[in-house]
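Student: I would like to go through this structure with you, one topic at a time. May I begin with a single residue and its surroundings?

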Amino acid sequence: NSTTALLKACKTVGAQVQFMTNVWGVDETVIKASGKAADGIVFAVRTSSVWGEDTEGMELIRNISSMSGKQDQYRSVHYISAICSTFYIVEAMKTAIAEGKLDGEGIRNAMYKKDNWIPKGLSGVCLPSTWKNDDHRGLMEVPIYMVKVNGATEKKNVDQLMKEKVIQLVKEDQITVPRRPEWRGY
C-alpha cells in the first residue's frame, strides 16, 4: 500500500522520478493497484526469469503450477522464487539424508557443498547460488527488470493483465554484486 500511495502521489503532482526497488517494494499486485503510476519502475528480481519467459526450467515451473489445476495462470515473481528456494532446500535435505544427518545442522552443511548451484530442472529460472560457512550470501547475480504499464489496470485481474500485456516485466540487465568481505551476510 505504501508503494502504491507514493507512486500515485508522485504521478498526481507530476513528479518526474525514476523509482528503483528490491523485489519486496513492487510486485504484480502493486503494479495493478498503482496502474500507470507504476510504469517505468525498475526492480531487482531473485530469479533468472519471470513467468512467461522461454527458459528450460520454466517447464518445471508450469508443471508445478498445473498441480493446482491452473498450469497457464500467471504466477508472480514471489511464486517462482519460492519454488527455487524450496528446491534448494529439498536437494539439501536429500544430501543430508544420504549422509545420515537429517537435522538442521546436516541440512545447513549440505547447503555448503555446492558452488554455483542450480536445482535440477530449474536451469534458466533459479540463479546459480553458493552458500559457505563464512558467507551466507547465496545469490550474487541480480536481474533487473523494468515495469511497463500499457493501459488501464483497474477492471482486470493480474492474470488477464499479464496475458494481455497490459503489464509487462522486461529484463533490462543482470549485474554481479562483488563478494566484498565487509558486505558479508550471516
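Student: Which residues is Lys-114 in contact with, leaving aside its neighbours within four places in sequence?

Tutor: This is a predicted model. In it, Lys-114 is in contact with Glu-91, Ser-129, Thr-130, Trp-131 and Lys-132, when neighbours within four places in sequence are left aside.

Student: What does the side chain of Lys-114 make with the side chain of Glu-91?

Tutor: The two side chains make a polar contact, at 3.4 Å.

Student: Where is the place of Lys-114 in the chain?

Tutor: Lys-114 is found in the loop between α5, residues 104–111, and β3, residues 141–149.

Student: Why does Lys-114 count as partly exposed?

Tutor: Its relative accessible area is 32%.

Student: Let us turn to α5. Which of its residues are buried?

Tutor: Gly-106, Ile-107, Ala-110 and Met-111 are buried in α5. They are on the same side of the helix, because they cover an arc of only 140 degrees around the axis.

Student: What covers the buried residues of α5?

Tutor: The cover includes α4, which spans residues 77–98.

Student: Now the aromatic rings. How many aromatic pairs are there?

Tutor: The count comes to three aromatic pairs. One of them joins Tyr-88 and Trp-117, whose ring centres are 5.2 Å apart.

Student: Why is that pair of Tyr-88 and Trp-117 called edge-to-face?

Tutor: The planes of the two rings stand at 80 degrees, and an angle over 60 counts as edge-to-face, so the pair receives that name. Tyr-88 lies in helix α4 and Trp-117 in the loop between α5 and β3, so the pair ties together parts that are 29 residues apart in sequence.

Student: Are those two residues buried or exposed?

Tutor: Tyr-88 is buried, with a relative accessible area of 6%. Trp-117 is buried as well, with 4%.

Student: What about Tyr-88 and Trp-131?

Tutor: Tyr-88 and Trp-131 form an edge-to-face pair, with 5.1 Å from centre to centre and 80 degrees between the planes. This pair links distant parts of the chain, since Tyr-88 is in helix α4 and Trp-131 is in the loop between α5 and β3, 43 residues apart. Trp-131 counts as buried, at 16% relative accessibility.

Student: Moving on, how many residues has the largest nonpolar core?

Tutor: The largest nonpolar core has 41 residues, and those with the most contacts inside it include Tyr-88, Phe-43 and Val-147. The helix α4 gives the most to this core, with seven residues.

Student: Which residues does Val-147 touch?

Tutor: Not counting residues up to four places away in sequence, Val-147 touches Ile-31, Ala-38, Asp-39, Gly-40, Ile-41, Phe-43, Gln-168 and Leu-169. There is also a second, separate core of five residues, among them Val-42, Ala-44, Val-142 and Met-146.

Student: Finally, the sheet. What is the order of its strands?

Tutor: The sheet is open, with four strands in the order β1-β2-β3-β4 and mixed pairing. Its edge strands are β1 (20–21) and β4 (167–176), each pairing on one side only.

Student: In which sense do β2 and β3 pair?

Tutor: Strand β2, residues 42–44, pairs with β3 in the antiparallel sense over three bridges. Ala-44 stands opposite Ile-144 in β3.

Terms used. Residues are numbered from 1 along each chain as its sequence is written. This is a predicted model: local features need pLDDT of at least 70, side-chain atom pairs count only at pLDDT 80 or more; totals for chains, interfaces and linings use all residues. Side-chain values use heavy atoms; hydrogens and water are left out. Helices (H or I, at least four residues) and strands (E, at least two) are DSSP runs, numbered from the N terminus. Buried means under 20% relative accessible area, exposed over 50%, partly exposed in between (1.4 Å probe, protein chains only). Contact means heavy atoms within 4.5 Å. A polar contact is a pair of N or O atoms within 3.5 Å; within protein, one must be able to donate a hydrogen and the other to accept it, and residues adjacent in sequence count only if both atoms are side-chain atoms. Two strands pair if DSSP finds at least two bridges between them. The arc is that of the directions from the helix axis to the C-beta atoms. A nonpolar core is a set of buried Ala, Val, Leu, Ile, Met, Phe, Trp, Tyr and Cys residues joined through side-chain atoms within 4.5 Å. Rings of Phe, Tyr and Trp (its six-membered ring) pair if their centres lie within 6.5 Å; planes under 30 degrees apart count as stacked, over 60 as edge-to-face and the rest as tilted.
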